[in-house]
Amino acid sequence: MNISLKDIPYEKFGLNPENYSPVLIPFTLNYSQELGKRKRPCVIICPGGGYEFLSDRENQAVAMRFASYGINAFVLKYSVKSPFPAALLELACAVKYVRENAEKYDIDPDAIIVCGFSAGGHLCASLGTLYSSYLGSCFTSKEIKPDAMLLSYPVITSGRYRHSGSIESILGSNPSDEILETVSLEKQVTKYTPKTFIWHNADDKTVPVENTIDFIKALSENNIPFESHIFPYGGHGLALADESTAKHMAHINHTCAQWFNLAIEWIKREFNAVNFSE
């Protein structure tokens, strides 16, 4: 059953709640008496699309793949063509909802991972870096801070290597220097930023690989644990990089497809992906 997120504090940022209707879609494994409670890790998936649309290729198939590995998943249908911070508030409320309902979904409330692709990666990294400094007046860190970030070819910067379409979609054509600085996320990393798995392709002409390079540099400077993979070829928007999410042959890249199993191993290492405690 799809979940309509409620009580999102749009008004505190001058936004009209009637303009937004975010939905959280669960892809979760039902409790099994045979298996018992597992307290599974969880990913909240934010598809890309330049903040203009939500890609179907970075959506249901990704969630189902995670679930097949015993990791509960949700897809957030966040607001697009909407000013900052509408989508950020929605993701914050999604994390809050999942954490508050962890028992219901057999989820470990301390293993909630935001998983974003392209502009969805910018959204996830925004929450991971701005949860306190920007949203602290609306939420507590305990409610909305993700426990980790999983970022696929993410938009990160509003500077030289920005994806202009994504930044303009949330800020308009004439943003202030202050808000540009806020959404340039390599500048917002602190020692409290969540641990991160991040991957990109070196030949990405849509979102330059410098977005990832600058972000992992900031993570390193702040001693944040991270795992990064930069593949030489593949361009942008590969999703799972196999037949399940391919629109054409260029979306199938067996080298880049390794990212998913690498991410699964990272989740298993960083969190107790299979909890036999009960």
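At what angle do helix α2 and helix α4 pack, and how far apart are their axes? Some notes from going through this one, bearing in mind that it is a predicted model.

1. On the opening question: α2 (residues 86–100) and α4 (residues 119–130) pack at about 70 degrees, and their axes are 9 Å apart. Angles of 65 to 115 degrees count as roughly perpendicular, so that is the label for α2 and α4. On the α2 side the contact uses Ala 87, Leu 88, Leu 91, Ala 92 and Val 95, and α4 brings Leu 123, Cys 124, Ser 126, Leu 127 and Leu 130. Sorted by type, the residues of this contact come out as nine nonpolar, one polar and no charged.

2. Next, α9 (residues 258–270). Its 13 residues reach 18 Å from first C-alpha to last, close to the 18 Å expected at 1.5 Å a residue. Buried in this helix are Trp 259, Phe 260, Ala 263, Ile 264, Trp 266 and Ile 267. They sit on the same side of α9, because their arc around the axis is only 160 degrees. The cover over these buried residues includes α1 (60–68) plus the strands β3 (40–46), β5 (107–117), β6 (148–152), β7 (195–201) and β8 (226–231).

3. Then α1, where Val 62, Ala 63, Phe 66 and Ala 67 are buried. Looking down the axis, the buried residues of α1 fall within an arc of 135 degrees, so they line one face of the helix. Among the elements covering them are β2 (23–27), β3, β4 (72–77), β5, β6 and α9.

Notes: Residues are numbered from 1 along each chain as its sequence is written. This is a predicted model: local features need pLDDT of at least 70, side-chain atom pairs count only at pLDDT 80 or more; totals for chains, interfaces and linings use all residues. Side-chain values use heavy atoms; hydrogens and water are left out. Helices (H or I, at least four residues) and strands (E, at least two) are DSSP runs, numbered from the N terminus. The expected span of a helix is 1.5 Å times one less than its number of residues. Buried means under 20% relative accessible area, exposed over 50%, partly exposed in between (1.4 Å probe, protein chains only). The arc is that of the directions from the helix axis to the C-beta atoms. Contact means heavy atoms within 4.5 Å. Axes are lines fitted to C-alpha atoms, for helices over the stretch in contact, and angles run from 0 to 180 degrees between N-to-C directions. Angles under 35 degrees count as roughly parallel, over 145 as roughly antiparallel, 65 to 115 as roughly perpendicular and the rest as oblique. Ala, Val, Leu, Ile, Met, Phe, Trp, Tyr, Cys and Pro count as nonpolar, Asp, Glu, Lys and Arg as charged, and the others, Gly among them, as polar.
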